[in-house]
Amino acid sequence: LRGDDRGVGNDIVASSHIESKALQLFLFADREDRAGNFDVKVIKTFYTASLLFELLTLFDALSEENAYQKKYAQWKATYLEKCRRSGEQPVAGPALHDQEQADADNPDQPGSSGYDAQPNFSQPEQPTQ
């Protein structure tokens, strides 16, 4: 095994690397989304982050915050793709907390995610060796 690849045989180190990459992708997509950049790259980045968060479940390493980020990334990727296909202009950032209840009956509309308007997304932790 090469340099950084040595830790992949250890579940704790491997899950830490996966979590770090998932958070890196998620935070990039979230920044781009909040800046109003809604290209295919952002959609794919949200989707990839959600898959990496899902992969963490194999290690039983999905924290409450990661579970939230996984659901948000899945929702946002789906929402942005629906907007792209329909030609609709997406709403930047997370859904508004005020609209949560009103939109619960219509999940295909923007603002119907059930997520807080100001989520607390932390920076990825560095893996310990």
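## Ground rules

A salt bridge is a side-chain nitrogen of Lys or Arg within 4 Å of a carboxyl oxygen of Asp or Glu. That term returns below.

This is a predicted model: local features need pLDDT of at least 70, side-chain atom pairs count only at pLDDT 80 or more, and totals for chains, interfaces and linings use all residues. Residues are numbered from 1 along each chain as its sequence is written, and side-chain values use heavy atoms, with hydrogens and water left out.

## The overall fold

The chain has 4 helices and 0 strands. Its pattern along the sequence reads α-α-α-α. Both element types are DSSP runs, numbered from the N terminus: helices are H or I with at least four residues, strands are E with at least two.

Of the 129 residues in the chain, 36% are buried. Buried means under 20% relative accessible area, exposed means over 50%, and partly exposed lies in between (1.4 Å probe, protein chains only). The chain exposes about 8100 Å², and carbon and sulfur atoms supply 48% of that area. Accessible areas come from the Shrake-Rupley method with a 1.4 Å probe; for residues, only the protein chains shown count as cover.

Now for contacts, meaning heavy atoms within 4.5 Å. Take the contacts in the chain with a separation of 6 or more: residues 24 or more positions apart account for 59% of them.

## The nonpolar core

In soluble globular proteins, nonpolar side chains tend to be buried together. A nonpolar core is a set of buried Ala, Val, Leu, Ile, Met, Phe, Trp, Tyr and Cys residues joined through side-chain atoms within 4.5 Å. Here the largest nonpolar core has 22 residues. Phe26, Phe46, Phe53 and Leu80 have the most contacts inside it. Helices H1, H2 and H3 each supply at least two residues of this core.

Which residues does phenylalanine 46 touch, not counting residues up to four places away in sequence? They are Phe26, Ala29, Asp30, Asp33, Tyr72, Ala73, Lys76, Ala77 and Leu80.

## Aromatic rings

A pair of aromatic rings is described by the distance of the centres and the angle of the planes. Rings of Phe, Tyr and Trp (its six-membered ring) pair if their centres lie within 6.5 Å; planes under 30 degrees apart count as stacked, over 60 as edge-to-face and the rest as tilted. The structure holds 6 aromatic pairs. One of them joins phenylalanine 26 and phenylalanine 46, edge-to-face, with 5.9 Å between centres and 75° between planes. This pair links distant parts of the chain: phenylalanine 26 is in helix H1 (residues 11–34), phenylalanine 46 is in helix H2 (residues 40–56), and they are 20 residues apart. Both phenylalanine 26 and phenylalanine 46 are buried.

Phenylalanine 26 also pairs with phenylalanine 53: the ring centres are 6.3 Å apart and the planes meet at 70°, so this pair is edge-to-face. Phenylalanine 26 lies in helix H1 and phenylalanine 53 in helix H2, so the pair ties together parts 27 residues apart in sequence. Phenylalanine 26 has a relative accessible area of 0%, and phenylalanine 53 has 0% too. Phe26, Phe46, Phe53, Tyr72, Trp75 and Tyr79 form one aromatic cluster.

Are lysine 76 and aspartate 33 buried or exposed? Lysine 76 is buried, with a relative accessible area of 0%. Aspartate 33 also counts as buried, at 0% relative accessibility.

Glutamate 81 sits in helix H3 (residues 64–86). It forms a salt bridge with arginine 84, with the closest N and O atoms 2.7 Å apart. Arginine 85 forms a salt bridge with glutamate 81, also with 2.7 Å between the closest N and O atoms.

Glutamate 81 and arginine 84 are 3 residues apart in helix H3, so about one helical turn separates them. Arginine 85 and glutamate 81 are 4 residues apart in helix H3, so about one helical turn separates them as well. Glutamate 81 counts as buried because its relative accessibility is 18%. Arginine 84 is partly exposed at 46%, and arginine 85 is exposed at 67%.
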